[in-house]
Amino acid sequence: MSGLIVMLCVGTQITTSTYAQYRTQAITDQATADATESSGLFILLGLVGIVAAVALVWRHRWPVWILLSISALTVALPLDAITPLFALYAVVLAVSGPWLWASIALATAAEFASVWRDGTGTQVSSWARSMFSMEDGAAFPWWLMVLETVVFVAVTVGLAMLVRSRKALRASEVKEVRSETKLHALGEEVARQAERERIAREVHDVLGHRLSLLSLHASGLELAADDPKLVKSAALVREGAQESMADLRSLLAVLRQPSDPDISQTLPSLIDLPQLIDESLAAGSPVAAAVFLDRGAELHDQVSRAAYRITQELLTNARRHAPGAPVRLQIDGGPDRGVQISTANRAPDPTDRAIRPGNGLTGMHERVQQAGGESWVWVDDEGAFRTLVRLPWHSRGTSR
């Protein structure tokens, strides 16, 4: 569109400079006009008009300055009246206040000056006389000059104000939609927070109560028992219940405030694997673990926590379905290959190759998918129950 406007204004500026030469040389017939050669002065005038037309390319970047320059040139020199109108249109679209009114006033002055010069010519050197079929020598009505100026300026300002109001309306509608979207998202977040609070209260009231009772009874059994093995088992139950209470409090804090970084840092990660393996050993489940992480300190906390929870579930699942059976755990990872977790233990029924995932394996698969990884569970030819998990590597400082 800017290119078409510039081309139009270039054409009208060249024609206006030619008409200015005809008026200066008092040419009154078309044959003489066709035979007249352009003089250097009016060629220069045409070049000034072309420069003014090309300046319209930057009318949206510097609308006021472009208008002031073009209008000042049009008042001082016999240039075309259309170019200031396009500059004025850009000003009305973008500017408000005193500068807008000053721009309208100067554009009106430029328009009237151009129309007045045009009206003093003849039919071969005047747009207006050709339009209204006025004879040469007849005075051009001053009121018609004023009317022409007012109509051109009013139409330009009116169209610009209409476009400006429509843009403002669209911007207001977009802003309203964004506000409604934010309001809806805020409402959903409030609803989710309320639901998390309700779940946290239920979990705390139910599991907290039962874990407290379990710890209390384990303590009583530990004091009353005479058998050293029974005392050790009771102590393990009591310590497990107390650790479960601590884990429960951390999980409930995350549930209530999931975006709090201080709370998230309290969750266990791969750095806590030794404690997890010690717990399995204390529970009577032998674990042969091999852990190698290349540049493990750079691993993103979310991936590290997900890997810990997956490992915890795999060890718990092995302990539940094959109590007392050795478990082989291998964790290997690095930036070039991701994190790989694998376990192997004796299957409860080596002849049964069917996999019937319960809540534990289902939850493990879901956690792997949330982390963007893959997981497999199968029974091999030797009757060993195997799991394999692959998680993508994300370094600290990168968004997930």
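This is a predicted model: local features need pLDDT of at least 70, side-chain atom pairs count only at pLDDT 80 or more; totals for chains, interfaces and linings use all residues.

Mentor: The backbone angle you're asking about is phi: in arginine 295 it is positive, about 55°, even though the residue is not a glycine. As for where to look, arginine 295 sits in the loop that runs between strand S1 (287-293) and H12.

The structure has 1 cavity of 30 Å³ or more, and the space in the largest cavity comes to about 30 Å³. Its lining is made up of Leu314, Asn317, Ala318, Thr343, Asn345, Leu361, Phe385 and Thr387. Helix H12 (301-321), strand S3 (338-346) and strand S5 (384-391) are the elements that give two or more residues to that lining. H12 has the largest share, with 3 residues. Sorted by class, you get 4 nonpolar and 4 polar residues lining the largest cavity, and no charged ones.

Step back to another loop, the one between helix H10 (261-264) and helix H11 (273-282), and you'll find serine 269. Beyond its neighbours within four places in sequence, serine 269 makes contact with Ser304, Arg305 and Tyr308.

For a residue at 0% relative accessibility, go to threonine 83, which is therefore buried. Threonine 83 belongs to helix H5. If you set aside residues up to four places away in sequence, it touches Cys9, Gln13, Ala52, Ala53, Leu56 and Ile70.

Helix H5 (82-94) also takes you to a pocket: along with helix H1 (2-24), H6, helix H7 (127-132) and helix H8 (142-224), it supplies at least two residues to the lining of the second largest pocket. The volume of that pocket is about 510 Å³. Its lining has 27 residues, and Asp80, Ala81, Ile82, Leu85 and Glu111 are the ones nearest the centre. The lining splits into 15 nonpolar, 5 polar and 7 charged residues, whereas the lining of the largest cavity has no charged residues.

Tryptophan 65 and tryptophan 99 have ring centres 6.1 Å apart and planes at 55°, so the pair counts as tilted; edge-to-face would need over 60 degrees. The two partners come from distant parts of the chain, 34 residues apart: tryptophan 65 is in helix H4 (residues 63-76) and tryptophan 99 in helix H6 (residues 98-119). Tryptophan 65 is exposed, because its relative accessible area is 57% and exposed means over 50%. Tryptophan 99, at 48%, is therefore partly exposed.

One last stop is arginine 61, which lies over the face of tryptophan 62, 5.4 Å from the ring centre.

Notes
Residues are numbered from 1 along each chain as its sequence is written. Side-chain values use heavy atoms; hydrogens and water are left out. On a 1 Å grid over the protein atoms alone, a cavity is a set of points where a 1.4 Å probe fits but cannot get out, and a pocket is an open set with protein on both sides within 12 Å along at least five of seven lines; lining residues have an atom within 4 Å of a point. Grid points are joined across faces, edges and corners, and a volume is the space filled by probe spheres set on the points. Helices (H or I, at least four residues) and strands (E, at least two) are DSSP runs, numbered from the N terminus. Ala, Val, Leu, Ile, Met, Phe, Trp, Tyr, Cys and Pro count as nonpolar, Asp, Glu, Lys and Arg as charged, and the others, Gly among them, as polar. Rings of Phe, Tyr and Trp (its six-membered ring) pair if their centres lie within 6.5 Å; planes under 30 degrees apart count as stacked, over 60 as edge-to-face and the rest as tilted. Buried means under 20% relative accessible area, exposed over 50%, partly exposed in between (1.4 Å probe, protein chains only). A charge sits over a ring if NZ of Lys or CZ of Arg is within 6 Å of the ring centre and within 35 degrees of the ring normal. Contact means heavy atoms within 4.5 Å.
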